[in-house]
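Subject: Structure handover

Hello,

Here is the structure for your set-up work. Please open it first, then read the notes below.

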Amino acid sequence: MGGKIITVGSTKGGVGKTTLALNIAIARAMAGRDVWLVDADRQATASTALAIRGEADRLPAIATAHYADGGQLRTQVLHQRNKFEDIVIDAGGRDSTALRAALVLSDLVVVPFQPRSIDVWAVADIAALIEEARAMRDGLQAYAVLNMADTAGTDNEDAAAAVADYPALQYLDTPIRRRKSIANAAGNGMSVLELTPRDDKAIAELNALLQSLF
Ligand SMILES: Nc1ncnc2c1ncn2[C@@H]1O[C@H](COP(=O)(O)OP(=O)(O)O)[C@@H](O)[C@H]1O
Ligand SMILES: [Mg+2]
């Protein structure tokens, strides 16, 4: 029986795909699962972060590979999926063969977006790609998650309402707010769960997201 494949994807850059992919992969590994983080972005940000993690000898070690080509990604993931319990794919921030291949392989796609209207429109693009992937393979669950959410104001509610216009995606009401701890952790190849001093609010937000995903 193969592992669960989770893509963190959007056709937009800078929305927090790599940050969430790292946090999800590390959290699952900390829970004792065999995790593989597949970096499907040409820019290889997740690989770089995990190289920093490796150099620091931080445990758990996270297995990783970099496939920016859709055909290669598909072949490798199909070939190696039985070796892992969870495979987390960090897709690049544009429409690419790798993103399309990842969606067709995945059980779950997490789409981070930001609480500004211009980002909400990016949800339209990924919603179309999700529909295409579903035409090829049944059972892809798709969730939109607010990342770098504001701590105050109604932007978050507005963004949530906008996602409701895309039935391809389900809005998960577990926003991750903009927090320095999250950026600092990811830059060091770490989950916010591992960071000292602890940021309890960030940890609670991540745990709420993980709980609704798994
Ligand atoms: N919740 C957050 N709080 C603060 N900074 C964040 C958060 N999520 C992402 N970032 C920062 O935003 C930038 C873009 O995030 P990244 O994960 O690289 O996006 P993507 O992979 O979608 O391009 C990075 O500098 C990252 O540290
Ligand atoms: Mg990235």
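Which polar backbone atom is 3.0 Å from a nitrogen atom of ligand 1? It belongs to R177.

Before the rest, the conventions. This is a predicted model, so to speak a computed one throughout: local features need pLDDT of at least 70, side-chain atom pairs count only at pLDDT 80 or more, and totals for chains, interfaces and linings use all residues. Residues are numbered from 1 along each chain as its sequence is written, chains are lettered from A and ligands numbered from 1 in the order in which they are written, and side-chain values use heavy atoms, with hydrogens and water left out.

**Ligand 1**

T19 places one 2.6 Å from an oxygen atom of the ligand. N147 places one 2.9 Å from a nitrogen atom of the ligand. A polar contact here is a pair of N or O atoms within 3.5 Å; within protein, one must be able to donate a hydrogen and the other to accept it, and residues adjacent in sequence count only if both atoms are side-chain atoms. On its own, ligand 1 has 560 Å² of accessible area, and the protein covers 75% of that. Areas come from the Shrake-Rupley method with a 1.4 Å probe; for residues, only the protein chains shown count as cover.

The shell around ligand 1 has 15 residues. A residue is in the shell if one of its heavy atoms lies within 4 Å of the ligand. The closest are G14, K17, T18, T19 and R179. By class, 5 are nonpolar, 6 polar and 4 charged. Ala, Val, Leu, Ile, Met, Phe, Trp, Tyr, Cys and Pro count as nonpolar; Asp, Glu, Lys and Arg as charged; the others, Gly among them, as polar.

Four elements each supply at least two shell residues: α1, β6 (141-149), β7 (170-177) and α7 (180-187). The largest share, 3 residues, comes from α1. Helices (H or I, at least four residues) and strands (E, at least two) are DSSP runs, numbered from the N terminus.

T18 lies in helix α1. The side chain of T18 makes a polar contact of 2.7 Å with the side chain of D90. Contact in general means heavy atoms within 4.5 Å. Leaving aside neighbours within four places in sequence, T18 is in contact with T45, A46 and D90.

R179 sits in the loop between β7 and α7. At 18% relative accessibility, R179 is buried. Beyond four places in sequence, R179 is in contact with D199, K201, A202 and E205.

**Cores**

The largest nonpolar core has 33 residues. Such a core is a set of buried Ala, Val, Leu, Ile, Met, Phe, Trp, Tyr and Cys residues joined through side-chain atoms within 4.5 Å. L37, V88, L209 and L213 have the most contacts inside it. Helix α1 (residues 17-30) gives the most to this core, with 8 residues. Apart from this core lies another, of 25 residues, including V109, I130, A133 and L140. In soluble globular proteins, nonpolar side chains tend to be buried together.

L37 touches A21, L22, A25, A46, L50, I62, A63, T64, A65, V88 and D90, not counting residues up to four places away in sequence.

Helix α4 (residues 97-105) is mostly covered, with 7 of its 9 residues buried. These are A98, L99, A101, A102, L103, V104 and L105.

**Backbone points to check**

Most residues other than glycine have a negative phi, and most peptide bonds are trans. Here are the exceptions I noted.

- A cis peptide bond joins L59 and P60, with omega about 0 degrees. P60 is in the loop between α2 (45-55) and β3 (63-66).
- The bond from T196 to P197 is cis too, with omega near -5 degrees. P197 is in the loop between α7 and α8.
- A44 has a positive phi, near 55 degrees. A44 is in the loop between β2 (35-40) and α2, and is buried at 14%.
- D57 has a positive phi of about 55 degrees. D57 is in the loop between α2 and β3, and is exposed at 64%.

**One exposed site**

Q211 lies in helix α8 (residues 200-213). At 64% relative accessibility, Q211 is exposed. Q211 and M190 are 21 residues apart in sequence and 19 Å apart in space, C-alpha to C-alpha.

Best wishes

Note on methods. Buried < 20%, exposed > 50% of the residue type's maximum accessible area, 1.4 Å probe, protein only.
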